[in-house]
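Colleague: I would like a close look at one part of this assembly. Please take me through how the copies are related and what lies at the contact.

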Number of protein chains: 4
Amino acid sequence: MQDFDIPVLGAPRLPNPIARRGDIRFIDDRERLLYDPHYRVPEDLPQGPVSGFEVAGPRERIFFDPERTRAAVVTCGGLCPGINAVIRALVLQLWFIYGCRDILGIRYGYHGLGRNRETPRALTPADVGDIHRQGGTILGSSRGTPPTAEIVDTLQELGIDMLFAIGGDGTMRGATAIAEEVSRRGLEIAVVGIPKTIDNDIPLVRRTFGFETAVSIATESINAAQVEAWGVENGIGIVKLMGRYSGYIAATATLSSGHANFCLIPEVPFSLEGPGGLYELVERRLHERGDAVIVIAEGAGQYYFETPERERDASGNPKLGDIGVLVRDRLKAWLRGRGINAPVKYIDPSYLIRAAPAISTDQLYCQRLARNAVHAAMCGKTAMLIGFWHGQMTHVPMEALRGRKRQVNPCGELWFNVLESTGQPQVIGDISYIDLEEE
Amino acid sequence: MQDFDIPVLGAPRLPNPIARRGDIRFIDDRERLLYDPHYRVPEDLPQGPVSGFEVAGPRERIFFDPERTRAAVVTCGGLCPGINAVIRALVLQLWFIYGCRDILGIRYGYHGLGRNRETPRALTPADVGDIHRQGGTILGSSRGTPPTAEIVDTLQELGIDMLFAIGGDGTMRGATAIAEEVSRRGLEIAVVGIPKTIDNDIPLVRRTFGFETAVSIATESINAAQVEAWGVENGIGIVKLMGRYSGYIAATATLSSGHANFCLIPEVPFSLEGPGGLYELVERRLHERGDAVIVIAEGAGQYYFETPERERDASGNPKLGDIGVLVRDRLKAWLRGRGINAPVKYIDPSYLIRAAPAISTDQLYCQRLARNAVHAAMCGKTAMLIGFWHGQMTHVPMEALRGRKRQVNPCGELWFNVLESTGQPQVIGDISYIDLEEE
Amino acid sequence: MQDFDIPVLGAPRLPNPIARRGDIRFIDDRERLLYDPHYRVPEDLPQGPVSGFEVAGPRERIFFDPERTRAAVVTCGGLCPGINAVIRALVLQLWFIYGCRDILGIRYGYHGLGRNRETPRALTPADVGDIHRQGGTILGSSRGTPPTAEIVDTLQELGIDMLFAIGGDGTMRGATAIAEEVSRRGLEIAVVGIPKTIDNDIPLVRRTFGFETAVSIATESINAAQVEAWGVENGIGIVKLMGRYSGYIAATATLSSGHANFCLIPEVPFSLEGPGGLYELVERRLHERGDAVIVIAEGAGQYYFETPERERDASGNPKLGDIGVLVRDRLKAWLRGRGINAPVKYIDPSYLIRAAPAISTDQLYCQRLARNAVHAAMCGKTAMLIGFWHGQMTHVPMEALRGRKRQVNPCGELWFNVLESTGQPQVIGDISYIDLEEE
Amino acid sequence: MQDFDIPVLGAPRLPNPIARRGDIRFIDDRERLLYDPHYRVPEDLPQGPVSGFEVAGPRERIFFDPERTRAAVVTCGGLCPGINAVIRALVLQLWFIYGCRDILGIRYGYHGLGRNRETPRALTPADVGDIHRQGGTILGSSRGTPPTAEIVDTLQELGIDMLFAIGGDGTMRGATAIAEEVSRRGLEIAVVGIPKTIDNDIPLVRRTFGFETAVSIATESINAAQVEAWGVENGIGIVKLMGRYSGYIAATATLSSGHANFCLIPEVPFSLEGPGGLYELVERRLHERGDAVIVIAEGAGQYYFETPERERDASGNPKLGDIGVLVRDRLKAWLRGRGINAPVKYIDPSYLIRAAPAISTDQLYCQRLARNAVHAAMCGKTAMLIGFWHGQMTHVPMEALRGRKRQVNPCGELWFNVLESTGQPQVIGDISYIDLEEE
């Protein structure tokens, strides 16, 4: 049980001002959502000690006095559809619902909390009027992070009481470190995360914002690849999609399009060469149908690259080999060697996806995340992020992410549906020699 | 427990042919998904006798021999984005995954199973190639139903072994009656429903297909209303949205747009007149901000219409009074009476929403519904529909819908967020005299 | 010839500052574009005295000193996609190209120049940064106009040197009156119009901005109507589109969709009843094909309404009878009388069209209009509007609009293509008794 | 004059069957459209011998008997939005308007008329029902061409009377050769071209189909680049767009977006290095504004590549160096060398543009091209293509394309507007040493 407990700054003693708004159903801290709601009959009940998440939502008592609270918002890492929608909802919720009138927008990620920072900008409802319909982030973002001590110094200097950190894995690790340093110094600053990865790979969170938008544009790219593949004899369309460690976008867009013949993701090893390998399967498809559409997640097949000492980007992520280009070039060469004239069209829509404004499904989700993040911070909850589990908004301790991964289950429904939809075999080529690198 | 048990035609004895496709995780009939996964600490477990849904998915043994099975698909009721995607996925799943090559498309709803029916059309993968990107239904639809006995006669005559019925409440009632008559005659015909209501109001099903698409277009309509309202002094934009008994589309699109000032839904009574009534609130908004955007679900405020003996349409639904037009006209008159010149722009996007092609989010969901419906029917399960609960596909006995409703909870998170987003008060006007009609 | 001469405030004597920008091709006032570039061989040349338009573009000498010039922008009449794009381009052109730093945005149409006006807002590049992607007008609009003398008083009081008036027929008439009063008072204020009618019916101007956007959304509506019509037996889809006196949107969207079976426009009379009338043709179509899609321009068939003394709106336009609703209701009744059960779906996308952001084709066109309007005003040209003729931007004297109309030619290529595309007969029903009202 | 005369197979003697459709305005072969409708006052008339195009449209007499005519459609070269719309309109026009019931779709470009051809497919209205809403070509395309004699052999073998060739420069050259061989053999086969280049660079044709769609998607890509550039400190977005010899897409999308800071096209040389070169200008922009968006047409700056013996693709086009990647990599290196950390985001939307379905503006234009191509072929006109000039559909002799180019005029309005919109200088860097290769 204790793994999902949420740290708090202190006992929340103030009445929640939203009580004025009428008949609110306040959430009790003891309310939980079962981690695994599956069971088996005839046994009547889930067995043994269960664990579950705190349910997100407004509490009857809060920790901070909103009128004396300074909140700050920071956006980190790569762009993702919906960041502005989250910023807007945070500001509106703080301002109109809790009456907090002192909100800072930190510029360009955690660096905006470092020593050489740009001055933060004040955020009011007027500043966020229509920003949810725009892609990107009005605050700017960056990768990497200054030293934690420097950040906490800044929080103190600026008199920030609650920090909303919108970002991915690295951002959450940074937020954890900040919360720990805050605690070490005995400060009362809440740090609440809003998970952002377009790849949808935050553990204990079923869905991250921007993902549905990403899938929608990725689907259009696959449809374009299919049009190109159909447009010539032996046409091949290749679409490279985001997904460093998890193939959710690739798998989901493959299903949504309904027109991909092969889908390659990081979780499922495959062989290009040899009997039953991709080359051979593509050749067979060309022979039978005269076209082929291949979807590749960027993190797939990384064992095709030599990586004695892997480079890392500013976020600390290892740089990936460009598997899309590798497959494109080698497949072309192989087919040429087989005497097959097969025009290959290569599509990499990454930045078009990242920079898109959020579709309505994500708009809604961004708001839910932001509203609940404000509820949580107001109660003095800290070192936590807002999650989504079994259709319910939850509180997840940042601590709990450690050591967990979220990846497509190669034996689960999603991947099985991809196999059905593409018609590709469960195993592509001889993969016995592949030594999957563990991160 | 027994309320969620699924009727079966007999014991499934045949091995599932999809086992050939590799390492399948088959679902056991005893696997269940808890109906309510919430609990409270310190108590460790959900208390008392629990109930839950059968988990959908492929079973190790099936009832029908796919190569000797004739399947039929029927689409009933109003249009909804995604119907063609469901049809396509049913056909592809039957054909490629189970090897069933005998699939009929019933024309124009249940009437296509009546005595005066049009000949059904055979459906092959070629027939459904790209239809998922088109709105509407390639089979045609209709309201109403011929006598159940007539339908079952037709099923016998045509030698149909499994019927997939895509439709709403009425369609599911029809399907239940068909399954009962089938059982009465001792036949072995599986009847499996795929719930379709754009209003998202099927009980025990968290989300119906087409809903996300509907919200996305409804959101654009609200955005247009806002542009119109801002474009003139005292501009008022009114958007009427679908939602006979439930305001999900109106409430969700209100949130997604972020630009509505009032949202009226069937579940929450309101008064137009009097102190704190809509007229007064709109006037105040005009005075303060110079514009107003109002979203109205079609089933809202029906108590404003005299309905001694209410007319019904062919589906048996009572005809609703046109609340959008009523509010528009009366509000105009009232403001005129107050000496306020306020141009009102009225938008009713209904058919644009119904006829739209499904967005990618719905594409995916349509496939999941269809694939699991085929799995279920193949096992001889009947009188059931495919549901969605806590993020998991389930089996729901049609029987269980009876007496249940699915409506926006006026004390729940969705409506609370609408109140926050619009800024409208929890109670609009004096509603004490409103006698909410019970259906 | 003289009908297309452009009034000027005086001789332009100042060098054009854009000369600094490099190798500019300046336009000479004597350059003209032939009004009618058609001729016949073997005759070598267009015959007789020709007439033509002044060619728009930058001139070598200008009248106003940009650094001492106060410009104003006013937007009048109904919304139309692209207004904000025009405003933005005017501001950027004035500011960056000519160096004029004093630009006023007049609020809510001509009323913003009346005695009871709202204070105008200053417009800088920062104010118009991204507005071209938004629908509507950031300045607000209105119908009607205060007395001309009052407007010119305001122009004097505010010290406005050039007025850009974005609007339709009525706005141009207003602008003409303003220019005349300006001249009467011996003032040096340039009045330049940018024609805006979503209906595309400004004479001597081949295309108005927003039209292509309008057609694109109207096309989607027709496609939706077709999906609805195909979705049921004997389904009928009716789409009412804008077009008070001219059927350009209806005709063009009919072609673009390729799925309408009947198109009714103001320029072509038709009969609903009787042999060969619309009812009969629709019945025949239902009999043969089982569906029908009808497109109706709002100004079509106005002779079906009694109009002894026609009401007028604030712009002075007579109020039209609602022909869409009339056709819908009477057609329904007629079919019912014939024992035909034909569900009718009615779509009126007007405000969704008006409030849409401009598509890229219109973006470009809005810029061309605005840039050339600034060039013209800077040279002291007045009482003119920017036109588009044979693919070239032109100057059109407002005077020349008088007495001209722009309508779909029932014997021209556009309408002939509509007849081909719909398959409708050239004459629908007996129209001999129709007495087309002349406006 | 004679340069625009159109070859004919013989005197058209048959009455045009469309006369039955009512009051048609037939075009007389002697009607012409002035090539250049500009003139100067006080001179009253265009001077000297003028030249002009035949006006497209239906003629009173036709050459072929539609009921005994076999027509064929072939699509060549790269994909382009609207090909299917052209195919559809050709089929519908032939079938419904002229009554020609024998239409062949040639598979995969001119190769479908070679010795090793795939069997052509018959085309009926049912085959083209909704294809105009799909990208690509249902017939397939290819580059290159079999020997002309082989093609004409095939035309004879298949008994084809009229060939509609949809394609670019190379396709028109091929069509010219076919027409010549046809004439040499004394055959009566009409060859009519429909110009297709997404680059909009066919001489004597103001606009090619698909161009507006291309611009619309290119605009979105620039907008995405801007979002990415704004999202980080010193963010740079680079968009590479199509345009081998002409920068129409790049220039037009730059204007439509309004957010590019640099636009590089083949027609305007520039220097990357040195004082006033691109690197320096970008650095200055980063210094002043913190972001930069660069649009590059694929054919720009080809002098940066060594091309002793340039490779050619199957269409005979020289392979271009990848200027987008070159600029990206060198700019990155240069900025790094200057100690500037500037994340560069690179977007290449080519295939997403080519494969897109046509927007409504192009839909309409595709129909006009196709309808008029059928009118022309029916009259026995040959070795010609359908053009668009001053807003009017014309006949252009293929012969007349020879030796002409269509490119952005660096001194014209379009490029001047690009300079205004981007703010870039007329000359980027020292270009005196650049030796522009002549093709």
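Modeller: This is a predicted model.

Now the contact of chain A with chain D. Here 22 residues of chain A are in contact with 22 residues of chain D. On the chain A side, helix 4 (211-230), strand 14 (344-347) and helix 8 (350-354) each supply at least two residues. Helix 4 of chain A gives the largest share, five residues. By type, this side of chain A divides into eleven nonpolar, eight polar and three charged residues.

Chain C shows a sheet. Four strands form an open sheet, ordered 12-13-11-14, with parallel pairing. Strand 12 (262-264) and strand 14 (344-347) of chain C each have a single partner strand, so one side of each is left without a neighbour in the sheet. Neighbouring strands are turned by 15° against each other on average, direction ignored. Three bridges join strand 12 of chain C to strand 13 (residues 291-297) of chain C. Leu264(C) has Ile296(C) as its bridge partner in strand 13 of chain C.

Two helices pack on this sheet. Helix 4 of chain C touches strands 11, 13 and 14, and its direction makes about 165° with that of strand 11 of chain C. Helix 5 of chain C touches strands 11, 12 and 13, and its direction makes about 150° with that of strand 13 of chain C.

Conventions
Residues numbered from 1 in each chain as written. Chains lettered and ligands numbered in written order. Predicted model: local features only at pLDDT ≥ 70, side-chain atom pairs only at ≥ 80, totals over all residues. Contact = placed C-beta atoms within 7 Å. Nonpolar A, V, L, I, M, F, W, Y, C, P; charged D, E, K, R; others polar. Pairing = 2+ DSSP bridges. Axes fitted to C-alpha atoms, helices over the stretch in contact; angles between N-to-C directions.
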